[in-house]
Amino acid sequence: MYVGTLSFDLLLGDVHSLKEKRSVIRPIVAELQRKYAVSAAEVEHMNLHRRAVVGLAMVSGDAGHLSDVLDRCERLVAARPEVELLSVRRRFHGDDD
């Protein structure tokens, strides 16, 4: 069994309230969940309206498949024009851990 996690540190563009922030972050989280069957949520900076950290996790029996899905998730978030991807943190846990 393999577990992979990603955390995306995001800077939001023209956002002036927490309500506007939610309207940007929720569709990103929903698309990650729908397209790739990962668990995803906003996990940090809940009270800042221009910053967000979105975390996701996935479990797979195949390390190659897990790595491929994490790569796709990263590309999806990086391609969103309404956010700037400041950093990505990837963790990979296998049977040897």
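Which residue in S4 is the bridge partner of Asp9? In this predicted model, the partner is Ser87. Helices (H or I, at least four residues) and strands (E, at least two) are DSSP runs, numbered from the N terminus. Residues are numbered from 1 along each chain as its sequence is written, and side-chain values use heavy atoms, with hydrogens and water left out. Because the model is predicted, local features need pLDDT of at least 70 and side-chain atom pairs count only at pLDDT 80 or more, while totals for chains, interfaces and linings use all residues.

S1 and S4 run antiparallel and are joined by 10 bridges; two strands pair if DSSP finds at least two bridges between them. S1 and S3 also run antiparallel, with 10 bridges joining them. On S4 one finds Arg89, which touches Thr5, Leu6 and Ser7 when residues up to four places away in sequence are not counted; contact here means heavy atoms within 4.5 Å. Between Arg89 and Gln33 there are 56 residues in sequence and 18 Å in space, taken from C-alpha to C-alpha.

Helix H1 comes next. Its 19 residues reach 27 Å from the first C-alpha to the last, close to the 27 Å expected at 1.5 Å a residue, where the expected span is 1.5 Å times one less than the number of residues. The buried residues of H1 are Lys21, Val24, Ile25, Ile28, Val29, Glu31, Leu32 and Tyr36. Buried means under 20% relative accessible area, exposed over 50%, and partly exposed in between, with a 1.4 Å probe and protein chains only. These buried residues pack against S1, strand S2 (39-44), S3, H2 and S4. Just after H1, Ala37 takes a positive phi of about 55°.

Leaving aside neighbours within four places in sequence, Lys21 is in contact with Leu12, Val15, Glu42, His45, Met46, Leu48, His49, Arg51 and Ala52. Glu31 is also found in H1, and its 19% relative accessibility counts as buried. With the neighbours within four places again left out, the contacts of Glu31 are Tyr36, Leu76 and Arg80.

Helix H2 can be described in a similar way. It holds 16 residues (63-78) that should span 22 Å at 1.5 Å a residue, and its end C-alpha atoms are 23 Å apart, which agrees. At the start of H2, a side-chain oxygen of Asp62 reaches to within 3.3 Å of the backbone nitrogen of Gly64. Within the helix, Leu66, Val69, Leu70, Cys73, Leu76 and Val77 are buried. They cover an arc of only 120° around the axis, so they lie on the same side of H2; the arc is that of the directions from the helix axis to the C-beta atoms. Among the elements that cover these buried residues are strand S1 (2-12), helix H1 (18-36), strand S3 (51-60) and strand S4 (83-93).

The charged pairs complete the description. Side chains of opposite charge can pair when their charged atoms come close. A salt bridge is taken as a side-chain nitrogen of Lys or Arg within 4 Å of a carboxyl oxygen of Asp or Glu, and by this rule the count comes to 8. Asp9 forms one with Arg51, the closest N and O atoms being 2.8 Å apart. Since Asp9 lies in strand S1 and Arg51 in strand S3, the pair ties together parts that are 42 residues apart in sequence. Asp9 is buried at a relative accessible area of 17%, whereas Arg51, at 27%, counts as partly exposed.

Another salt bridge joins the side chains of Arg80 and Glu31 (2.6 Å, N to O). Arg80 lies in the loop between H2 and S4 and Glu31 in helix H1, so this pair ties together parts that are 49 residues apart in sequence. Arg80 has 17% relative accessibility and counts as buried. The side chain of Arg80 also meets that of Glu82 in a salt bridge (2.8 Å, N to O), and Glu82 counts as partly exposed at 28% relative accessibility. Glu31, Lys35, Arg80 and Glu82 are linked in a network of salt bridges.

Technical notes. Polar contact = N/O pair within 3.5 Å; in protein donor to acceptor, adjacent residues only side chain to side chain.
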